[in-house]
Amino acid sequence: MAINNRVLIVDDELSVRRLLFEVARRAGYEAFLAENGQEAIEQTKEIKPAVIIMDIKMPVMDGLEAFERIRADYPDVAVILMTAHGTVDTAVEAMKRGAFDYLVKPSNVTEVRIVLERAFQMRRLREEVAALRHEVQNKYQLGNIIGKSAVMQQVYKAVGRVAPTNATVLITGESGSGKELIAKTIHNNSPRRDGPFIKVNCGALPEGLMESELFGYEKGAFTGAVGRKPGRFELAHQGTLFLDEVGELTPPLQVKLLRVLQEREFERVGGTETIKVDVRIIAATNRNLEDMVHKGLFREDLYYRLKVVPIHVPPLRERVEDIPLFVDYFVRRFAAEAHREVPYVTPEAMELFKRYHWPGNVRELANVLERAVIMSSGVIGVQDLPGLSTTAASPAIVIPETGTLREILHQVEKQVIARALKAHHGNRVKTAQALDISRRALLYKIEEYGLGREGEEEGVVE
C-alpha cells in the first residue's frame, strides 16, 4: 500500500508558504501550496493530501469555511489550523468540530515539524486500520475465525473439508485458543446448520450429574427427579453436540459415550426405553488424549472414535502475524458495545501485543483489549497496557533440548501449572479457573508432578 505523504500548505502570505514548504520538504513530505480557502478546496480534490496546514484569516474564503467544506467531503484528511494569538478560541472550537490540531503564529520550525509528524502518524494509523478491516472482512475470516497465518490457513482448509460431512471431529488446542468457535463454524457451514448446536462441558459436573445431563432422566430416577428431563443428546437431535473438555469424562461415562457413538442410541437415567438420535459429535480438549490412553486414563477405542477428523488450533504465540487482525476486530467490537469511537492502537502497543506470550491465548487478548478500549481516551498506547508490560518480561518456559516428545510436553506442562499455582498463591480453585481446566484435572496433575501433598506443601493451599 502506497503511503500518502502529501501535505497542502494554505496561507495568503508568500513568506509563510515558503517557510512551511521548506519545513515540510526537509521532513520528507511532498508539499503543495494554495493562497486561500477556495484554492485549498480545489487542490484537495486534485491531489488528495493526507494533511493540510491552513491559516484561518485569508481573503476570498477563510480557513474555517474551507475546513468545514473539506471535512464534509474528505473526513480522513488531518487539518491543522494556524491562528493569531487573538483567535485561539476560534481554533479550539474548530478542533471540537474535527480539526486535528492548531498552531499559534508565529510558530517555530520544531513545533511545526512535531505537529506535522503527529498528523501523519495518525493518518498512517487510520490507513493501516482500514487495510486490516478489509483483510478481516474479505480474506482472512471464515465465519468468525480470524487469521492469515499459514497454520490458520490449514485450519480453514480442514474446516472447509469436514463441515459438509457428518464426520466426528476432535478439536485440540490450549485453553482460550478458539476451539468452541471452530466447532460452531463447522456446524454453521454444515447441512445441520438449521438444527441445534448444543454444548456440554464434560468437566463441569460430577459423574452422576453429568450422566443425567448427557442422557436425561426419568421421573423418580433419583431424589429430586420430579419429572422427565431430556438430555443433551436428545436436545441435539438432527444437529450438533459439542463435547467440550471431553478428556475430563470418567471411565464409566467414556463407556456410555462410546456406545452412543457406535449405536446412536441410549437410555435415560432410570429408564428402559431405548432412544435413537441423529447427532453429529464434535469434541474438544486441551489435554493430550493420546498420552492419557497410554496411561490408561482414556479408552483407546473411544479416542479413535472421536478422532475421525482431528483439527489442532495453534496457540496465539505461534501465529503472531494474526495478532493485528485480532486487535482490530476486538477494538471495533468493544468500541461498538461501549458506544465509543474506535480508538487507535499505536505501533508501540502493537509491538507489545506481538511480543507478549499470551498464555491465555485469544481469550486473554480479548480481555486486555476490552479493558483498554473502555479506559483509553481515543488512543491505545503502551501506557494503557500495564499488565502486559510487566508480565511480558516474566521468565520464559524452559523447553528441554533432549527427551521424547511426551517427556518434553510433561516438563512444559509442569512448569505452566507450577507458575499458575504460584501466581494464585496455591489456591487450587482459582488456578483451575485460570488454566481453564477442572479442579479434578488440576488435582491429578498436582499429584502426578509432585507439586503438593494433600494441599499442605508450601505454595499449594486451598
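This is a predicted model: local features need pLDDT of at least 70, side-chain atom pairs count only at pLDDT 80 or more; totals for chains, interfaces and linings use all residues.
Is Leu170 buried or exposed? Leu170 is buried, because its relative accessible area is 3%, and buried here means under 20% relative accessible area, exposed over 50% and partly exposed in between, with a 1.4 Å probe and protein chains only.

Residues are numbered from 1 along each chain as its sequence is written, and side-chain values use heavy atoms, with hydrogens and water left out.

First, the chain as a whole. Its secondary structure comes to 19 helices and 18 strands; helices (H or I, at least four residues) and strands (E, at least two) are DSSP runs, numbered from the N terminus. Of the 462 residues in the chain, 45% are buried. The accessible surface is about 23500 Å², with 51% of that area belonging to carbon and sulfur atoms; areas come from the Shrake-Rupley method with a 1.4 Å probe, and for residues only the protein chains shown count as cover. Contact means heavy atoms within 4.5 Å. Among contacts between residues at least 6 apart in sequence, 68% join residues at least 24 apart.

Back to Leu170, which lies in strand E8, residues 169–172. Beyond its neighbours within four places in sequence, Leu170 is in contact with a list of residues including Val246, Ala283, Leu289, Tyr303 and Ile311. Leu170 and Val308 are 138 residues apart in sequence, yet their C-alpha atoms are 7.3 Å apart in space.

Leu33 lies in strand E2, residues 30–34, and counts as partly exposed at 33% relative accessibility. Not counting residues up to four places away, Leu33 touches Leu8, Ile9, Arg17, Phe21 and Gln43.

Arg17, from that list, sits in helix H1, residues 14–26. At 7% relative accessibility, Arg17 counts as buried. A polar atom of the Arg17 side chain lies 2.7 Å from the backbone oxygen of Asp11. For polar contacts, the rule is a pair of N or O atoms within 3.5 Å; within protein, one must be able to donate a hydrogen and the other to accept it, and residues adjacent in sequence count only if both atoms are side-chain atoms. With neighbours within four places left aside, the contacts of Arg17 include Ile9, Asp12, Ala34 and Glu35.

Now helix H3, residues 63–73, where Gly63, Ala66, Phe67 and Ile70 are buried. They are on the same side of H3, because they cover an arc of only 105 degrees around the axis, the arc being that of the directions from the helix axis to the C-beta atoms. In general, an α-helix has 3.6 residues a turn, so residues three or four places apart point the same way. At the start of H3, a side-chain oxygen of Asp62 comes within 3.2 Å of the backbone nitrogen of Leu64.

What lines the largest cavity? The lining consists of Ile41, Thr44, Lys45, Arg69, Ile70, Asp73 and Tyr74. Helix H2 (37–47) and H3 are the elements that give two or more residues to that lining. This cavity holds about 40 Å³ of space, and the structure has one cavity of 30 Å³ or more.

The search runs on a 1 Å grid over the protein atoms alone: a cavity is a set of points where a 1.4 Å probe fits but cannot get out, a pocket is an open set with protein on both sides within 12 Å along at least five of seven lines, and lining residues have an atom within 4 Å of a point. Grid points are joined across faces, edges and corners, and a volume is the space filled by probe spheres set on the points.

The second largest pocket contains about 770 Å³ of space. Its lining has 36 residues, of which Gly176, Gly178, Lys179, Glu180 and Arg363 are the closest to its centre.

Last, two backbone details. Val60 is not a glycine but has a positive phi of about 70 degrees. Val60 lies in the loop between strand E3 (51–55) and H3, and is exposed at 71% relative accessibility. His339 also has a positive phi, near 55 degrees. His339 is in the loop between helix H13 (323–337) and strand E17 (344–345), and is exposed, with a relative accessible area of 75%.
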